[in-house]
Structure formats: C-alpha cells, structure tokens
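Student: Could you take me through one part of this model in detail? I'd like the criteria spelled out as we go.

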Amino acid sequence: MTSRTPRDSRLRLVPRQPIAAARRAVSTRAARPAPRPPEGTPPPAELARQARAALSGAARLAHWADGAGDGLRAGRDGALPAADVDRAAEALGLPTAQVRADWDRARLAGLIELHGGLARAGWRLRAWDRDDTAALRGWVALFDAWSLALPSPEGAGPAIVGEVVEAVPQLLSLLHLSAGPVRLQALLDMLEQRVAELRTERCEVPYGPRTESADGDPEEAQAPLTALLDWALAALTAVGALVPADGAPAPAPAPGDGDDAREAQLTPLGHWSVWVKLEQICVAAQSPAGNIEQTAAAMLRGCARLTPGPARAEYRAWLAARSVGSAVEELLTVARGEDALLRGLAFEALRAVGAPAEAAVRAAAEEAALRPYVLLWLFEHEGGDPENAPDVLTREESTWLWVDTAAAVADHGESQLLIRHLDSAVQGSVPRLLEEVRAVGHPRTVQVLVALAAAHPDPALAKAVRRAAFQVHTGGV
C-alpha cells in the first residue's frame, strides 16, 4: 500500500563544494601535456630557495609578529603602528625603515594576514620552510604587486601610472623572450608604443606631458615616461624580478639617473614567473571558447563544462591578461546577476585571485545573495579545511545556498543531478527541508521546487514538493 503522506526520507549529510552539484564533470578538449620550462630554468627546489632568500626579512618579521601575541593590530591603512615598529626594530636589530618595508612585503606575500585589523600569521608562513609551492606562490604574490613596492614618482598622475602598470607585462614578456639583457631605450620605445595603444583604444588624444616642448625637443616630452620606466624597473628589482644594475643585491638606480647604456635583465625567478603567466595565456588562447578575450560571464560559461583542474587554468589565464582590480570587479558583477551557476563559478575564479581579492570580496558580505559564497571564500582563504567550510554558515545561509545551487542545477544540469542535490542539504528530512526552504525567501524557490517535483520519482515526495511550491507562490504557510 502506498502512503499518501510525504515520506520522512533521511538525507545524507555530504559536505561538498557548493557548485560541485551544478558542474558536469566532463572535459571538452583533449588533455594537454604538462609544459616544460625553458632550458636553463632552475629546478623548483632552487627557485623556492631563491624565493625564500628574497623574502627572508619579511618571513623573519612575520615570525616575530606571530609570536608577539594577539594584541598586534595594524593601522587603518594596514601599516604597523610606530610603537610596534620600534618593538620589532629592537627585537630584530633592524632600522625602523627596514621593518616597515619588510612588513609591507610580508603582507603582500601572504606571510601576514589582517583580520579585523589584527595581524595573524598567514598559511604560507606555516608552510614556508617545508613547502616549496607555498614559497613560490608567496613570491609570485609579491611580484604581482610590484607597483606597491615603491612610491611612484612625484607629479605622476594616477592615470599615467595606471597606463604604465598595464603596459609592464609586455615589457616583461620582451625581457623573457630576449633571454638576456635589454637596453633601456628599447624598453622605453615599447612603453611609449603600448601607452599610445592604450590611449587609442580609449579614443584619447595626447595631453599634458606627452606633447613636445615649445622648441620641439622630444627629450622633454619623454621625461615623464622615462621617470616612470625607471620607477617600474626599480620596483621590479626591489621585489627580486630583475637583476640589480651592478649585479649586487641592491635596488636599481634611482629614477632620474638617465643613462641610455643601462640594461635590464630578469632574474631566474622573474623568468620562471613570466613563463608561467605566458603559459596560462597560451592555455586559454588554445581553448575552444577563446576565453582569454571573453567577458567574465562568457569565460565562466566556457568553463562550466570543464573539470576543476582545467577550469582553474582557464581562470588564471584570463586573470593574467587583466589588471587584478578590474578582473575582481567584473567577476563580482557577474556574481550579482541572476544566473546561479555563474555566481558559483565566479567565486571559484576569485579563489584563483587569492589575497588581492580579499577586500572586495569581504565588502560583498553585506549582500544577502553573495554572503554564503563570501563566507566560504574567506574561510578557505584564511586556511580553513574545505571539508569544514559549511560549518561557517548559519542554518539560514546554508539553506539559501542550497536553493541557489539547486537553481543552477535546474537551469543547467540534468534531473538526476537535482535529485542527488538533496544529499547536500543540511536538514535531516524532506519535510524539514521544505519548511526551511519556504522560510528562507530565495527568489528562485518556486522554480526550484517545481523542477524538483517534476524530477523526483517518488510520487508522495513529489506531491509534497509541489504543495510547498504552491504555498510559496501564493504566500501561504
């Protein structure tokens, strides 16, 4: 005899990534053999040793901060207060200027993380001496933030500084492909050409310092970009991406010491990092969707059918071709849209960004539709075990996330995926799940329940789900 009441089916509590149920685990392209670095590239262990050496001062200060207790609090700008700078300088036997510089480098490399203003050791510091990958990723994070290593020249406006920062990857590619020293004049010519291209793309006319002087002297017109090139090279040298001009571990010549005979050359770490970024771009360029040239939404749609590994490679290649700030904002804009699948994938792509995305992601926690994703992202970013990530959500947030992911499955997946999605609910039974789903107020609740009722083979359960959908639709209880 068939019961006419909904069965109290127990649901298996299976922790899994929120978007895993919506992703179809198939690959649309043949496996690509792992690329080999250029001949002469040191092995990973040697590169990691060089990364640790470049960040030795930052790691030392991070260890001191980790042992200084829970009371170490940074200022609003993230800088270490003067009193703590003096304490560190005395404890480590360093000048205060060096402590400030090491503090900035430790933050940029992820050795120190700020949580509500409190300084804590980053996960990379915990793995610093035993995990070569952690050391290399820490150095790459510092390398990516090279423009923060030194203040830009006085009088240079944010617009032209931004153009130079956007043009530097092309200069680095030239240095990498040249496999040797490159004259600064060649770099300056490429910088001028790239800045002109950027302005043409924005339909801008030349202005201000870019015009020639009254007597037609081109040297005066080049002076601002020359100073900015010197600044960029000095900053890249400071983070360890360029060989110092004199071959010693010291900063590059100060901006303004114009000498056309000077040359620039990448360090082994610099060569390796640029090669990795170029490889990421090549991976995306070879993908069927041509993701590197797509908008964030189109890129995420192109990655929806990929398994996590290839998808992460696509995310990194897409990110490598853009400035971090604009890429993060574009991904968050997609996450705010109506497509739940793209929302989940956007946060997967933001995981590939890492620390530079933290401030923007944290600010999005105030938005109800994004909050569960933000909390999971922050938990994993701060070193939490992904298996325990659901514990950071309240019952209501978990239910909201369940409905949102179910909407992604209903829109893009198969009926069997939607049925299996029941396993990831935090409730212990179908009646409880339906009760809390009705109360959570997700805008897609009705569509999700209707799709689940149509897909489920159990007639009694399907009837209960349809009744719940009708009650939500009519505002009933």
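Does Val446 count as buried, partly exposed or exposed, and what relative accessibility puts it there?

Tutor: Val446 counts as partly exposed, because its relative accessibility is 22%. Here buried means under 20% relative accessible area, exposed means over 50%, and partly exposed is in between, with a 1.4 Å probe and protein chains only. Keep in mind that this is a predicted model, where local features need pLDDT of at least 70, side-chain atom pairs count only at pLDDT 80 or more, and totals for chains, interfaces and linings use all residues. Residues are numbered from 1 along each chain as its sequence is written, and side-chain values use heavy atoms, leaving out hydrogens and water.

Now for the surroundings. Val446 sits in helix α20, which spans residues 445-455. Helices are DSSP runs of H or I with at least four residues, strands are runs of E with at least two, and both are numbered from the N terminus. The buried residues of α20 are Thr445, Val448, Leu449, Leu452, Ala453 and Ala455. These lie on the same side of α20, because they cover an arc of only 170 degrees around the axis; the arc is taken over the directions from the helix axis to the C-beta atoms. As background, an α-helix has 3.6 residues a turn, so residues three or four places apart point the same way. Back at Val446, its C-alpha atom is 7.5 Å from that of Phe470, a residue 24 places away along the chain.

Trp139 and Phe143 are both buried. Phe347 and Tyr373 are stacked too, with 5.5 Å between centres and 20 degrees between planes. This pair links distant parts of the chain, 26 residues apart: Phe347 is in helix α14 (residues 340-353) and Tyr373 in helix α16 (residues 371-381). Phe347 and Tyr373 are buried as well.

Technical notes: Phe/Tyr/Trp six-rings, centres within 6.5 Å; stacked < 30°, edge-to-face > 60°.
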